[in-house]
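Good morning, and thank you for joining.

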Amino acid sequence: STIRCKFYVHCPSGNGSDTTQVGLRFGSNTTASSNTGIEAAAADLDNSGAVVVGDAVVQIRTAGASGTAIMFGTITMDTVTTGIALSHDESGAMTTFAVNTTVANYLAVTITNSGSSGSQSSHAEAFVVDIVNPST
C-alpha cells in the first residue's frame, strides 16, 4: 500500500525569535511523537503569517506484524529560502522502518514551537490523505 498526504500549516503569530518545527509521523502509537516521522529543521517563521506546506508518501514494503515501510517527502516553509527534502530518518537514506500492519496505524501532522510565548501560535489548516492499493 501507498499512503500519500498533503498538509498546510498556518502560523498566524510569533514573537520573531522562537522557532517552529513541523513534521509528519506514522505508526501504531496514539501519541504521535512516539511514532516514526519526517520533520523539517526548526526555523524562525518570522512574526506572523508564515505558511508551511508538506507533501509526503508512506510506502508499506512488507505487510504483517513485522512489516516494513519507507517514508519520504518535502516540507516547505515560506520564510525559508529552500524546500527541505526528507526521508524517514532525516539522513537522506531510504532505509526501512518497522510497521505492524495488523493493528491500527495513525498518520499525524506535528507542530513543535520552541518557546512558551503566548504570542506564538501554529495550527494545521488542511490535511488530505489518499490510500492507494489498500489491500496490498
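A salt bridge here is a side-chain nitrogen of Lys or Arg within 4 Å of a carboxyl oxygen of Asp or Glu. Please note that this is a predicted model, in which local features need pLDDT of at least 70 and side-chain atom pairs count only at pLDDT 80 or more, while totals for chains, interfaces and linings use all residues. Residues are numbered from 1 along each chain as its sequence is written, and side-chain values use heavy atoms, with hydrogens and water left out.

The whole structure contains 2 salt bridges. In one, the side chains of Lys6 and Asp55 meet at 3.0 Å, N to O. Lys6 belongs to strand S1 and Asp55 to strand S4 (residues 50-62), so this pair ties together parts 49 residues apart in sequence; strands are DSSP runs of E, at least two residues, numbered from the N terminus.

Arg4 forms a salt bridge with Asp130, with the closest N and O atoms 2.3 Å apart. Here strand S1 (residues 2-13) supplies Arg4 and strand S9 supplies Asp130, 126 residues apart.

What is the volume of the largest pocket? It is about 200 Å³, a volume being the space filled by probe spheres set on grid points joined across faces, edges and corners. A pocket is an open set of points on a 1 Å grid where a 1.4 Å probe fits, with protein on both sides within 12 Å along at least five of seven lines; lining residues have an atom within 4 Å of a point. Of the 13 lining residues, Ile3, Phe26, Ile60, Thr101 and Asn105 are the closest to its centre.

Key:
Helix = DSSP H or I, 4+ residues; strand = E, 2+ residues; numbered from the N terminus.
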